[in-house]
Amino acid sequence: MKTLVNPPVLLVLDVQKGFNDPSWGRRNNPNAEKNILKLLTEWRTRGWEVIYSQHLSLLPKSPLHYQNKLGIEFMEIIKPLPQEMIFQKNVNSAFIGTKLETYLRDQQITSVIITGLTTQHCVSTTTRMSGNLGFKTFLVEDATAAFEITDHNGTIFPPEEVHKHEIANLHKEFATIVKTEDVLDRFLGES
């Protein structure tokens with residue numbers, strides 16, 4: 001078994017209890033957290049880098065408001081270990097207002113695998129920036145989830161459609177779209 005010289009970092013975005021709040025509406029992909037856990041387990045087993053973002057909203061009514069202690073907690077299924085890095089943020093991108101980019105460059109990390117919540121918010125924004133900053137970016141479509149949205153005309157778009165369109169927008173230009181099993185086969189097969 002050979003070892004990857006520079007394995008990709010696993011980026012877990014905002015898997016926080018505040019996303020269980022019913023105010024978000026209907027959600028797709030109930031298996032997102034289980035798929036993140038599959039990847040997380042493999043990364044930890046191999047001693048590869050795992051990085052988390054934690055959203056601390058400045059909007060008082062947000063379930064992720066920084067003063068909502070329960071809402072900002074990580075979900076039990078993917079709770080970070082003490083040695084794993086957490087970058088706290090107040091906006092959608094994990095790169096804005098944090099030292100994430102500097103950290104990745106200092107560690108000579110060139111590839112990131114993105115998972116987390118939610119597809120149309122922090123996942124999409126972080127993926128776009130990761131691609132624009134020159135990182136080889138992989139987005140794990142079945143390890144993220146979207147919520148329904150209502151547009152300016154009052155039209156409700158189901159979470160399945162939101163997720164599908166967000167993934168389509170990110171495909172090729174910003175990231176390589178993969179599934180959990182693709183990641184396990186591609187990267188773990190190389191090590």
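This is a predicted model: local features need pLDDT of at least 70, side-chain atom pairs count only at pLDDT 80 or more; totals for chains, interfaces and linings use all residues.
User: What makes β1 and β4 count as paired strands?

Analyst: Two strands pair if DSSP finds at least two bridges between them, and five bridges join β1 to β4 (residues 111–117). That puts them over the cut-off, so they pair, and they run parallel. Val-12, for instance, stands opposite Thr-115 in β4. Residues are numbered from 1 along each chain as its sequence is written, and side-chain values use heavy atoms, with hydrogens and water left out.

User: Which strand does β1 have four bridges to?

Analyst: That's β2 (residues 50–55), and the two run parallel. Leu-10 stands opposite Val-50 there. To get from β1 to β2, the chain goes through helix α1 (residues 32–46) in a right-handed β-α-β crossover.

User: Why is β1 called mostly covered?

Analyst: Five of its five residues, 9–13, are buried, where buried means under 20% relative accessible area, exposed over 50% and partly exposed in between (1.4 Å probe, protein chains only). Both faces are covered: Val-9, Leu-11 and Leu-13 are buried on one side, Leu-10 and Val-12 on the other.

User: And what makes β2 mostly covered?

Analyst: Six of its six residues are buried. Val-50, Tyr-52 and Gln-54 point one way, Ile-51, Ser-53 and His-55 the other. β2 also pairs with β3 in the parallel sense over five bridges, with Ile-86 in β3 as the bridge partner of Tyr-52.

User: How do you know which strands stand at the edges of the sheet?

Analyst: The open sheet has six strands in the order β3-β2-β1-β4-β5-β8, with parallel pairing. β3 (85–89) and β8 (176–178) each have a single partner strand, so one side of each has no neighbour in the sheet. From one strand to the next, the twist averages 25°. At the β8 end, three bridges join it to β5 (residues 136–145), and Leu-139 stands opposite Ile-177 in β8.

User: Which sheet strands does α4 touch?

Analyst: α4 packs on the sheet and touches β1, β2, β3, β4 and β5, with its direction at about 170° to that of β4. Helix α5 (residues 159–170) packs on the sheet too, touching β5 and β8, and its direction makes about 175° with that of β5.

User: Why are α1 and α6 called roughly parallel?

Analyst: Their axes come within 9 Å and cross at roughly 15°. The label follows because angles under 35 degrees count as roughly parallel, over 145 as roughly antiparallel, 65 to 115 as roughly perpendicular and the rest as oblique, so α1 is roughly parallel to α6. Axes are lines fitted to C-alpha atoms, for helices over the stretch in contact, and angles run from 0 to 180 degrees between N-to-C directions. The residues that meet include Leu-39 and Trp-43 in α1 and Val-183 and Leu-184 in α6, where contact means heavy atoms within 4.5 Å.

User: Is Thr-125 buried, exposed or partly exposed, and what makes it so?

Analyst: Its relative accessibility is 25%, so Thr-125 counts as partly exposed. Thr-125 is found in helix α4 (residues 119–132) and touches Asn-92 and Ser-93, not counting residues up to four places away in sequence.

Definitions and conventions
A crossover is right-handed if, with the strands pointing away from the viewer, the path from the first strand over the helix to the second runs clockwise.
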